[in-house]
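Please look over the sequence and the model shown here before reading the notes on its strands, cores, pocket and backbone.

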Amino acid sequence: MKHYQHWIDHLQLTPHPEGGYYRRIYESKHPIQTDNGKRHSATAIQFLLTSGDFSAWHRIKSDELWFYQQGCPLVIRSINSAGELSETYLGAEHELTACVSANTWFCSEPITAKPSDYSLVSCMVTPGFDFADFEMGKKEQLAAHYPKHTALINRLCRD
């Protein structure tokens, strides 16, 4: 398995505000009107998380499809409107795709034991991603709303 720095360099990935590294690889040429303004009908990124890093709790106003590419398994955690936590594992011996529904709080992290490990995935958002539709989770607010998940929220928020 190649070192994660190879993929960061080769794929020209840059740091993402929620954690990890990414690069937009696709924007549909077909704009659509949404409640939040015009958006591409779909967008896609390549996304890499290194061992010990995580994609912090956040939500977007579109559905997001995740596709495992390579590296160690990754867990996507989400909390639905009823406050129930679910975990989806992506990897060669797990699911290869997953969908996070619009407006769902979620986060992700590699499942690894070695510092050199990483998870490389592709993500497609429809309607297309726009940072105007992106909300980072705040520990206090999320923990107050979902108290039974406070420890996990505190560990996987960046504020």
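This is a predicted model: local features need pLDDT of at least 70, side-chain atom pairs count only at pLDDT 80 or more; totals for chains, interfaces and linings use all residues.

Residues are numbered from 1 along each chain as its sequence is written, and side-chain values use heavy atoms, with hydrogens and water left out. Helices (H or I, at least four residues) and strands (E, at least two) are DSSP runs, numbered from the N terminus.

**Sheet**

- Five strands form an open sheet in the order β9-β8-β11-β6-β13, with antiparallel pairing, where two strands pair if DSSP finds at least two bridges between them.
- Because β9 (85–90) and β13 stand at the edges with a single partner strand each, one side of each is left without a neighbour in the sheet.
- Neighbouring strands of this sheet are turned by 30° against each other on average, direction ignored, the axes being lines fitted to C-alpha atoms (for helices over the stretch in contact) and angles running from 0 to 180 degrees between N-to-C directions.
- β8 pairs with β9 in the antiparallel sense over 6 bridges, and L74 has L90 in β9 as its bridge partner.
- The hairpin formed by β8 and β9 has 5 residues between the strands, and G83 in the turn has a positive phi of about 85°.
- β8 also pairs with β11 in the antiparallel sense over 6 bridges, with W105 in β11 as the bridge partner of I79.
- β6 and β11 pair in the antiparallel sense over 2 bridges, and H58 stands opposite F106 in β11.

**Burial and nonpolar cores**

- In β8, 6 of its 6 residues are buried, where buried means under 20% relative accessible area, exposed over 50% and partly exposed in between (1.4 Å probe, protein chains only).
- Both faces of β8 are covered, with L74, I76 and S78 buried on one side and V75, R77 and I79 buried on the other.
- The largest nonpolar core has 14 residues, and those with the most contacts inside it are F47, W66, L74, I76, L90, V121 and C123; such a core is a set of buried Ala, Val, Leu, Ile, Met, Phe, Trp, Tyr and Cys residues joined through side-chain atoms within 4.5 Å.
- Two or more residues of this core come from each of β5, β7, β8 (74–79), β10 and β12, and β5 gives the most, with 3 residues.
- Another core, of 12 residues, lies apart from it and has A56, W57, L152 and L156 among its members.

**Largest pocket**

- About 180 Å³ of space lies in the largest pocket.
- A pocket is found on a 1 Å grid over the protein atoms alone, as an open set of points where a 1.4 Å probe fits, with protein on both sides within 12 Å along at least five of seven lines, and lining residues have an atom within 4 Å of a point.
- Grid points are joined across faces, edges and corners, and a volume is the space filled by probe spheres set on the points.
- Of the 16 residues that line the largest pocket, the closest to its centre are H16, I45, E64, V125 and F129.
- The largest share of this lining, 3 residues, comes from β5.

**Backbone**

- The peptide bond from T126 to P127 is cis, with omega near -10°, and P127 lies in the loop between β12 (118–126) and β13 (134–136).
- Q12 has a positive phi near 55° and counts as exposed at 54% relative accessibility.
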